[in-house]
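Please read them with the sequence and the structure open beside you.

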Amino acid sequence: MSAPAEPLLRLDDYASGDLPDAEASSFEDELFAAAADREAAADVFARGGLAADAAFLDRLTRMTPDPARQGVFAGGATRAQVDALLGSPLPVHYVDLGAGGEHVFQPWKPGVKFVVARLAVDLRGWQDVDVEVTGSDGTSIKTFRDVRCAPEDGALYAVCHEPLARLAFARGRTISRIVATRAGARETVAVFDVRPPA
Amino acid sequence: MSTIAAPVVAAESTVAELVARAAAGDREAESALCQRFEAAVRLFARRRLRTAEAVDEFTQDVLLILIESLRTGAVDDPARLGGFVLGICRNLALDRVRQKERRAALWEQYGAALVPLQAAPAGDSDEVGYEVIHLEDCISQLPQRSRDVVRLAYAEARSADEIAGHLGTSAVNARVLRHRALQALRTCMSKRISWEAVR
């Protein structure tokens with residue numbers, strides 16, 4: 001197994017134990033020397049170099065348990081998970097956006113921790129489901145890859161932390177296209193034209 | 001999200017200046033030095049220890065000894081502080097049993113200096129930080145297989161062999177998948193959150 005030249009990948013091999021001990025020892029010398037020379041971490045993700053990559057990998061390792069607990073890695077929540085969230089003491093804002101079309105997102109109260117949107121399309125039987133989000137002018141914003149529908153009703157339940165929802169709606173009106181594959185054909189299943197809360 | 005808020009003035013200083021200031025009792029310089037080494041120490045620990053708690057404890061122990069060394073003037077050559085801290089790590093890794101006994105004494109004497117480290121770790125605070133929602137945004141743009149790899153490798157600290165078992169592939173391929181996912185996240189997180197980027 002050859003050691004990668006890129007610092008981030010060498011760090012990853014080092015921390016995960018994939019870098020052999022003989023190489024790890026000299027790599028540690030490099031790592032700690034770079035740490036000594038490191039600058040402020042305020043914008044560490046925008047920087048390059050071994051120390052910045054080390055800070056990134058360390059933070060990634062420490063942050064990932066949180067989205068893991070929230071089910072972010074699954075690409076969508078089940079109805080049972082949403083019901084559990086709604087039944088918890090956490091303040092949750094829940095909106096049903098129907099099966100597509102135009103909507104104005106209902107505003108939420110201060111203190112809300114999670115925002116949940118139900119997209120009431122039945123995606124059972126569809127594969128490779130993506131949600132492509134653009135601005136009203138067609139500018140691409142992002143694509144949610146390989147999203148998972150709830151097995152109970154086939155709907156998509158988008159669950160996110162409230163600050164992320166706030167950022168999304170600060171962007172203004174968005175168009176979300178659910179694109180998926182069935183019987184070998186790639187199709188647009190539904191389109192949601194959503195305006196931010198007034 | 002950093003656990004130690006280093007003041008800007010300290011971050012712009014050289015290591016030698018920070019060591020000199022720390023030896024003279026400047027707590028901000030001490031904190032800045034701890035912040036510089038925190039990630040390297042944590043990665044050193046992660047290579048050897050399995051649980052997040054053990055990594056936290058090891059990191060605290062190393063930084064406590066660093067603080068002790070700074071305050072007692074035991075850092076002879078500030079230009080080689082990286083090697084000095086690495087030496088602390090290696091000694092601790094070799095002698096964890098004796099260290100457990102010494103830990104209590106060090107905590108009593110220097111623990112207050114590490115109070116910022118005791119704050120909730122990234123992602124655990126009640127108030128969700130920018131980096132956590134940034135990560136959430138980036139994860140949602142990865143394909144499912146990459147998300148699985150990131151969860152297994154970083155949230156659950158699984159080895160390449162274990163990831164391979166979960167994904168039904170070889171350990172070599174699991175490592176390649178892990179590298180690709182990591183690079184994708186690094187690239188994504190070096191930019192702004194997608195909702196902000198197109199304004």
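1. The domain bounds used in this note come from an automatic or database domain assignment. On that basis chain B is divided into domain 1, residues 12-97, and domain 2, residues 119-197, and the centres of domain 1 of chain B and domain 2 of chain B, taken over C-alpha atoms, are separated by 28 Å. Please keep in mind throughout that this is a predicted model.

2. Chain A is likewise divided into a domain 1, here covering residues 7-59, and a domain 2 covering residues 71-195. Between the C-alpha centres of domain 1 of chain A and domain 2 of chain A the distance is 37 Å.

3. As for secondary structure, chain B contains eleven helices and zero strands, and its pattern read along the sequence is accordingly α-α-α-α-α-α-α-α-α-α-α. Of the 199 residues in chain B, 49% are buried. If one takes the contacts in chain B between residues at least 6 apart in sequence, 65% of them join residues at least 24 apart.

4. The area buried between chain B and chain A comes to about 6,400 Å², with carbon and sulfur atoms giving 60% of it. On the chain B side, Arg47(B), Arg186(B) and Trp195(B) lose the most area to chain A, and together they account for 15% of what that side buries.

5. How many salt bridges are counted between chain B and chain A? The count is 13, and one that can be inspected directly joins the side chains of Asp13(A) and Arg178(B), with an N to O distance of 2.9 Å.

6. The largest nonpolar core holds 75 residues, and those touching the most other members are Tyr14(A), Phe32(A), Phe37(B), Leu66(B), Leu81(B) and Leu185(B). Helix 3 of chain B, residues 27-48, supplies the largest share of this core, namely eleven residues. Leaving aside residues up to four places away in sequence, Leu185(B) touches Phe56(A) and Leu60(A) in chain A, and Leu135(B), Cys138(B), Ile139(B), Leu142(B) and Val150(B) in chain B. There is also a second, separate core of 32 residues, which includes Trp126(A), Cys160(A), Phe169(A) and Ala190(A).

7. Phe169(A) is also among the buried residues of helix 6 of chain A, the others being Glu162(A), Pro163(A), Leu164(A), Ala165(A), Leu167(A) and Ala168(A). This helix, residues 162-170, is mostly covered, with seven of its nine residues buried. What covers those buried residues comes from both chains, and includes strand 3 (114-119), strand 6 (156-161) and strand 8 (185-195) of chain A as well as helix 7 (130-139) and helix 11 (194-197) of chain B. After helix 6 of chain A comes Gly172(A), which has a positive phi near 100°.

8. A hairpin in chain A may also be worth a look. Strand 4 of chain A (residues 127-135) and strand 5 of chain A (residues 140-144) pair in the antiparallel sense over four bridges, and Val133(A) has Lys142(A) as its bridge partner in strand 5 of chain A. Four residues lie between the strands of this hairpin, in which Gly138(A) takes a positive phi near 90°.

Key: Residues numbered from 1 in each chain as written. Chains lettered and ligands numbered in written order. Predicted model: local features only at pLDDT ≥ 70, side-chain atom pairs only at ≥ 80, totals over all residues. Heavy atoms only, no water. Core = buried A, V, L, I, M, F, W, Y, C linked by side-chain atoms within 4.5 Å. Buried < 20%, exposed > 50% of the residue type's maximum accessible area, 1.4 Å probe, protein only. Helix = DSSP H or I, 4+ residues; strand = E, 2+ residues; numbered from the N terminus. Contact = heavy atoms within 4.5 Å. Pairing = 2+ DSSP bridges. Buried area = accessible area lost by both parts, 1.4 Å probe. Salt bridge = Lys/Arg side-chain N within 4 Å of Asp/Glu carboxyl O.
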